[in-house]
Amino acid sequence: MSLKNSARLLQRLIYSRRSIRVFQKREVSYKKILKILEYGVWAPSAHNSQPWRFILILNQDIRGKLVEEMSRLYKADMERDGLPSDMIERRLLKSKLMLKESPVLILVCLDKTVLWSYRDENRDENEFIMGVQSVAASIQNILLGASAEGLGACWMCAPLFCKKLIRELLQLPGEYEPQAFIVVGYPAEKPIPPPRRSVKEVTYIIDGV
Ligand SMILES: Cc1cc2nc3c(=O)[nH]c(=O)nc-3n(C[C@H](O)[C@H](O)[C@H](O)COP(=O)(O)O)c2cc1C
């Protein structure tokens with residue numbers, strides 16, 4: 001394929017990918033799931049450390065328990081924030097639906113054992129940030145890959161807010177930092193693209209000397 005054609009395809013893929021939150025009741029094959037995770041492992045990573053770990057949650061009992069326990073924590077947070085009860089219920093319902101009903105639920109973790117380490121707090125903190133950035137790059141690859149494969153997906157930040165609970169319930173090693181969920185399935189919605197700031201608005205040019 002010519003470079004011009006692949007640029008056109010990539011452009012179409014990037015512009016048309018949307019966060020999909022409602023899915024068809026259609027199973028996604030294991031082969032297809034592995035295929036989109038394969039896109040993830042081809043992301044760039046700091047020192048090529050590849051710190052992403054994907055945990056495919058297939059057990060429905062564990063998944064149900066996880067969602068219930070996470071919702072309990074989310075509700076307590078919102079109550080502490082003083083949100084009105086109808087808003088709390090709406091938000092809980094929305095996140096529960098996505099987490100319980102999506103055909104595929106993937107937990108993405110950062111494996112801290114592969115990060116570079118120094119006897120220097122500042123450099124260690126930066127290495128951790130590089131790990132987070134690497135995991136994020138891999139999630140973006142998966143979202144784009146899912147879209148290219150005719151699937152819909154959405155990145156969900158919920159695990160960041162209940163790392164301890166997730167670690168305990170899924171019996172993860174202490175060195176695994178839960179970073180995000182990716183919900184995946186065949187899309188049952190076609191969202192309007194949320195607006196973007198223009199390139200000009202977010203770009204600053206430092207010119208001359
Ligand atoms: C770090 C991160 C966390 C996100 N967390 C959530 C989430 O918890 N729930 C959700 O519905 N969407 C979540 N999203 C999706 C964004 O809302 C979405 O990407 C944004 O609104 C732009 O829409 P688009 O992806 O369709 O272009 C998250 C996206 C990112 C990058």
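The model is predicted, so local features need pLDDT of at least 70 and side-chain atom pairs count only at pLDDT 80 or more, while totals for chains, interfaces and linings use all residues. Residues are numbered from 1 along each chain as its sequence is written, and side-chain values use heavy atoms, with hydrogens and water left out.

**Overall layout**

- The chain holds seven helices and four strands; these are DSSP runs (helices H or I, at least four residues; strands E, at least two), numbered from the N terminus.
- Along the sequence, the elements come in the pattern α-α-β-α-α-β-α-β-α-β-α.
- Taken along the principal axes, the C-alpha atoms fill a box of roughly 55 × 50 × 40 Å.

**Helix α3 with helix α4**

- Two packed helices are described by the angle between their axes and the distance between the axes.
- The axes of α3 and α4 cross at roughly 160 degrees and come within 10 Å; axes here are lines fitted to C-alpha atoms, for helices over the stretch in contact, with angles from 0 to 180 degrees between N-to-C directions.
- That angle makes α3 roughly antiparallel to α4 (under 35 degrees counts as roughly parallel, over 145 as roughly antiparallel, 65 to 115 as roughly perpendicular and the rest as oblique).
- The crossing of α3 and α4 is right-handed, a term for the near helix being turned clockwise from the far one by less than a right angle, with anticlockwise giving left-handed.
- Among the residues making the contact are Val-67, Met-70, Tyr-74 and Met-78 of α3 and Ile-88, Leu-92, Ser-95 and Leu-99 of α4; contact means heavy atoms within 4.5 Å.
- By class, the contact of α3 with α4 has eight nonpolar, three polar and nine charged residues (Ala, Val, Leu, Ile, Met, Phe, Trp, Tyr, Cys and Pro count as nonpolar, Asp, Glu, Lys and Arg as charged, and the others, Gly among them, as polar).

**Helix α3 with helix α6**

- Helix α3 (residues 60-80) also packs with helix α6 (residues 163-170), at an angle of about 160 degrees and with the axes 10 Å apart.
- That makes α3 roughly antiparallel to α6, and their crossing is right-handed.
- On the α3 side, Ile-62, Lys-65, Leu-66, Glu-69, Met-70 and Leu-73 meet Leu-165, Ile-166, Leu-169 and Leu-170 of α6.
- This contact of α3 with α6 has eight nonpolar, no polar and two charged residues.

**Helix α2 with helix α5**

- Helix α2 and helix α5 (residues 121-148) have axes 7 Å apart and pack at an angle of about 140 degrees.
- That makes α2 oblique to α5, and the two pass in a right-handed crossing.
- Ile-36, Leu-37, Tyr-39 and Gly-40 of α2 make the contact with Ser-138, Asn-141, Ile-142, Gly-145 and Ala-146 of α5.
- These residues divide into five nonpolar, four polar and no charged.

**The largest pocket**

- The largest pocket has a volume of about 540 Å³, the space filled by probe spheres set on grid points that are joined across faces, edges and corners.
- A pocket is found on a 1 Å grid over the protein atoms alone with a 1.4 Å probe, as an open set of points with protein on both sides within 12 Å along at least five of seven lines; lining residues have an atom within 4 Å of a point.
- Of its 20 lining residues, Tyr-74, Ser-95, Met-156, Cys-157 and Ala-158 lie nearest the centre.
- α3 supplies the largest share of this lining, six residues.
- The lining divides into 13 nonpolar, two polar and five charged residues.

**The second largest pocket**

- The second largest pocket has a volume of about 430 Å³.
- Its lining has 21 residues, with Phe-23, Glu-101, Ser-102, Pro-103 and Val-104 nearest the centre.
- Here the largest share, four residues, comes from α4.
- By class, the lining has eleven nonpolar, four polar and six charged residues.
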